[in-house]
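Have the structure open and click along as you read.

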Amino acid sequence: MPEAKPEAPPEDQSPTAEEPTGVFLKKPDSVSVETGKDAVVVAKVNGKELPDKPTIKWFKGKWLELGSKSGARFSFKESHNSASNVYTVELHIGKVVLGDRGYYRLEVKAKDTCDSCGFNIDVEAPRQDASGQSLESFKRTSEKKSDTAGELDFSGLLKKREVVEEEKKKKKKDDDDLGIPPEIWELLKGAKKSEYEKIAFQYGITDLRGMLKRLKKAKVEVKKSAAFTKKLDPAYQVDRGNKIKLMVEISDPDLTLKWFKNGQEIKPSSKYVFENVGKKRILTINKCTLADDAAYEVAVKDEKCFTELFVKEPPVLIVTPLEDQQVFVGDRVEMAVEVSEEGAQVMWMKDGVELTREDSFKARYRFKKDGKRHILIFSDVVQEDRGRYQVITNGGQCEAELIVEEKQLEVLQDIADLTVKASEQAVFKCEVSDEKVTGKWYKNGVEVRPSKRITISHVGRFHKLVIDDVRPEDEGDYTFVPDGYALSLSAKLNFLEIKVEYVPKQEPPKIHLDCSGKTSENAIVVVAGNKLRLDVSITGEPPPVATWLKGDEVFTTTEGRTRIEKRVDCSSFVIESAQREDEGRYTIKVTNPVGEDVASIFLQVVDVPDPPEAVRITSVGEDWAILVWEPPMYDGGKPVTGYLVERKKKGSQRWMKLNFEVFTETTYESTKMIEGILYEMRVFAVNAIGVSQPSMNTKPFMPIAPTSEPLHLIVEDVTDTTTTLKWRPPNRIGAGGIDGYLVEYCLEGSEEWVPANTEPVERCGFTVKNLPTGARILFRVVGVNIAGRSEPATLAQPVTIREIAEPPKIRLPRHLRQTYIRKVGEQLNLVVPFQGKPRPQVVWTKGGAPLDTSRVHVRTSDFDTVFFVRQAARSDSGEYELSVQIENMKDTATIRIRVVEKAGPPINVMVKEVWGTNALVEWQAPKDDGNSEIMGYFVQKADKKTMEWFNVYERNRHTSCTVSDLIVGNEYYFRVYTENICGLSDSPGVSKNTARILKTGITFKPFEYKEHDFRMAPKFLTPLIDRVVVAGYSAALNCAVRGHPKPKVVWMKNKMEIREDPKFLITNYQGVLTLNIRRPSPFDAGTYTCRAVNELGEALAECKLEVRVPQ
């Protein structure tokens, strides 16, 4: 696969190594690649600068993301060198097309670290040979392999020649750009001419003349498409499964249009729907798939426009995440995750390294898809498979830990020593925890082989060695060794030889115990749940009678779990599935007429201990927790050797062991937990017998940490007994949130911090009260949440508790600096802030007199005063004085209030004069203007017959008006309203008299006048002027003439009248005479005369025309 090479540096610059910036050791280079070939872009990222494994994203342009679903031509590769901690990322583009050229961007993210860099991909035509022809186009049309067969394909050469011409034009255009970026050209095109020099200086453009020439050419050469009035966008993006509309607008609705996809014409179908809406042509692609990710073009006649469609998969979300698993070597393991989409692509990683299907053939794992479930399967897990597994989709990720342990074989029932008589059967039996375990039996170190007398069996977890017809040579040490484990179980076979002796007929009874020694104390230990059989041999003549006692009580039961079995010369005490209550001292007493014998056996039943008690979490941190418990009430008869601790996430069913060696203490610190996740823990007790049942689960707990210290602690205010503090929330709050803040203070020289508040305050501010005046006190603030107190934020310097005097100052609001106007009945609510320490004395007065407290309510706080009147009246208008005073310091302000209402009606409305269809109406201003300036008068008229009122004037400023266009024969009334800031007056002033419009006769008397004589002889206002013209360029002779009646105009050349000659064109536009001579030659030179003639005379105008031939 040929790789695209980076563009070479310009000739005047030597290539230099770019210094790495940010997280990039090597930034991607801009490349230039031929059409149809592959492009590879490589970048290297420094992992030492990143807190975690980075997320790599490629973009086309600024925002169009390239992913695994951006098309089959785009592929991505990422590798990691763990030794140097360098990530190498690659972008592969197969079979580059023209639509791939442009600006690209690489973005690297890792937690809070983010960096990006850009590069360009330029797509060129195939390279040319020395003769300027494309070698790959010079081919033969025959499909035979012979080099001489077929004809040469000259049509391909012609097409390539057109591409070469286009490339030459493109190169020339690039040369015309003067090296100025396209965005600067766009800025210059939209700027004023006066700003050209400023922009050139700002962006370092030195060739001002070339820039101006290029701008002038760009503004003149505005070429528009003849077929398209609106083309396709450069690129479109759509989610998989949705539909997309591609729209163009053509200039002529009758033009034929065709759509193409990757060069193939698209036909209408249910997938592709064509629409014609006026001049708009729309292609709708339904239910987009990855196959629709392609280049599209639309053609009208010889014009085409292109676009590219990117089909993006919707984000794949993780529905059921991975769960931690703890298994043994050789087990089958399935790690399953469920996602939101079927057929979605997921990435499996182990300890930061991707697991691929190619590697799965070498390793012991395989992948399986079951609908939305993705499964990683280990058929036979080994120690190397343990680690942290991660599943990554384009919409999320999850991880879990796989713990692989070596199998530990537990002995559930050991083999016991046997004492067997001749010809009897000896059975050695043991039980282990794994039913798949096999093993071998040995006698005195020699492997035992099955025979007619010896049978070896393995059923489930039980292994048996059966010896029939025991002989003296069978006596010895027997051992069972499980295969694959450093473990052995041993027992001894004792052969009891029976001797026949002649004894007297009477013999005192005798008890023969296998475990009895010279001492009278005999002890037997049995594991709870196992079977115990005490076979006691008895001798005596006559045969003695055996009696068993448990403690002091006689035991006679012969059936049940605990029973007595009697045989000749033997008495057996049998306990099926020993229990704790079976523990105690057992006594056997045998008697016959000759005497009696007594033996005691102490039976100890050992068991696994009870579960630990009072399991609880005492404290938690960001990723740790302290677990405490009490030892079990019953240790099972054997000392407790230690404890096992397990942990799981709440809601999960999988427990994870935290220690593989027993832990002897009763306090355990669990680490490596995730903050904000609920956990549960439990404890097992271990003794020599085994592991107890699990304890009760702890209450669900969440690892959380205290917040970081509050920020920017400052003193906002200080008085004689209080201090007001302000601060900002901590930078890190965590999953535990923050319940509030506690403020503490300490006197200078003391180390005792006194709490200022017992309950946490939620806001970031607090006033500490009841402080000693004059003392120097240090303050600190801590954040509190469920995990406890944060580190304190402490003031750098102690604060002196003493109020700082501040002169009084009134902060009069802007709207109160001018006259404050309100309407009658509205509220007066004035809030005037002020400042000053200690608290100033505030006084309101009106005209130097105190306020009427029955109408005006004043409320004053430490920082503002409120002036309030519930319903304003006219009497509340006036000037109010506000004074703020601290001792001999004082500040005052004046507030002007005007309470207004509607004005009264105008008075003495009269019709003063009537003439024609007009009437003069006059009136006087109202007696009450409503305490406001009169803005004008509203005048209406009404016919006396109908008394319907119609508007005549609005806001008439004067106290009179002329009403026109009255109807002849009617009689009119007039009324006038007063208007001020509150609106029109409630009642109008009505005219006391009327205006009657009378009918009068009209006589027309025409004026006598003498008609003016406009006749005059022709006269040239503008004469002809001598001209010198260039041969071949059209010329025009102009003059102007005036005369009445309109004179007749004749043009002459060298005194000869010019008649209907196509070389000359004569025009007369309102006295302006023009003789146009088309492409004059030297023959057309001479004297030209224009003559104008009417009945009163004539006029002439002459000029000379010289025609020069260019050299």
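## A word on burial

Before anything else, a cut-off: a residue counts as buried when its relative accessible area is under 20%, as exposed when that value is over 50%, and as partly exposed in between. Keep in mind that you're looking at a predicted model.

## Salt bridges

There are 50 salt bridges in the structure. Take Glu-744 and Arg-789, whose side chains meet in one of them at 3.2 Å, N to O. Glu-744 belongs to strand β54 (residues 740-747) and Arg-789 to strand β58 (residues 788-789), so this pair ties together parts that are 45 residues apart in sequence. Buried or partly exposed: which is Arg-789? Its relative accessibility is 40%, so Arg-789 counts as partly exposed. Glu-744 comes in at 9% and therefore counts as buried.

Glu-971 and Lys-944 make another salt bridge, at 3.8 Å, N to O. Here Glu-971 sits in strand β75 (residues 971-980), while Lys-944 is in the loop between β72 (936-943) and β73 (949-956), so the pair ties together parts 27 residues apart in sequence. Glu-971 counts as buried because its relative accessibility is 14%, whereas Lys-944, at 41%, counts as partly exposed. Glu-107 and Arg-105 also pair up, at 3.2 Å, N to O, and both of those residues are buried. If you'd like to see a network of salt bridges, look at Lys-531, Arg-533, Asp-535, Arg-563, Glu-565 and Glu-576, which are linked in one.

## Aromatic rings

The count of aromatic pairs is 21. One of them joins Trp-441 and Phe-480, a tilted pair with 5.0 Å centre to centre and 45 degrees between the planes. Elsewhere, ring pairs link Trp-348, Tyr-365, Phe-367, Phe-378 and Tyr-389 into a cluster.

Lys-648 lies over the face of Trp-655, at 5.3 Å from the ring centre, and the charged end of Lys-1053 is over the ring of Phe-1083, 4.6 Å from its centre.

In soluble globular proteins, nonpolar side chains tend to be buried together. The largest nonpolar core in this model has 28 residues, and Trp-58, Ile-93, Leu-106 and Ile-121 have the most contacts inside it. Strands that each supply at least two residues of this core include β3 (39-46), β4 (55-60), β7 (86-93) and β9 (113-124). Leaving aside residues up to four places away in sequence, Trp-58 touches residues including Val-41, Leu-64, Phe-76, Leu-106 and Phe-119. Arg-105, from the salt bridge with Glu-107, is also among the residues that Trp-58 touches.

Strand β44 (residues 584-592) runs antiparallel to strand β40 (residues 545-550), and six bridges join the two. Leu-549 has Thr-587 in β44 as its bridge partner.

β44 also pairs with strand β45 (residues 595-606), again in the antiparallel sense, over nine bridges. Which residue of β45 is the bridge partner of Ile-588? That would be Ala-599. β44 and β45 form a hairpin, with two residues between them.

Definitions and conventions. Residues numbered from 1 in each chain as written. Predicted model: local features only at pLDDT ≥ 70, side-chain atom pairs only at ≥ 80, totals over all residues. Heavy atoms only, no water. Salt bridge = Lys/Arg side-chain N within 4 Å of Asp/Glu carboxyl O. Buried < 20%, exposed > 50% of the residue type's maximum accessible area, 1.4 Å probe, protein only. Helix = DSSP H or I, 4+ residues; strand = E, 2+ residues; numbered from the N terminus. Phe/Tyr/Trp six-rings, centres within 6.5 Å; stacked < 30°, edge-to-face > 60°. Lys NZ or Arg CZ within 6 Å of the ring centre and 35° of its normal. Core = buried A, V, L, I, M, F, W, Y, C linked by side-chain atoms within 4.5 Å. Contact = heavy atoms within 4.5 Å. Pairing = 2+ DSSP bridges.
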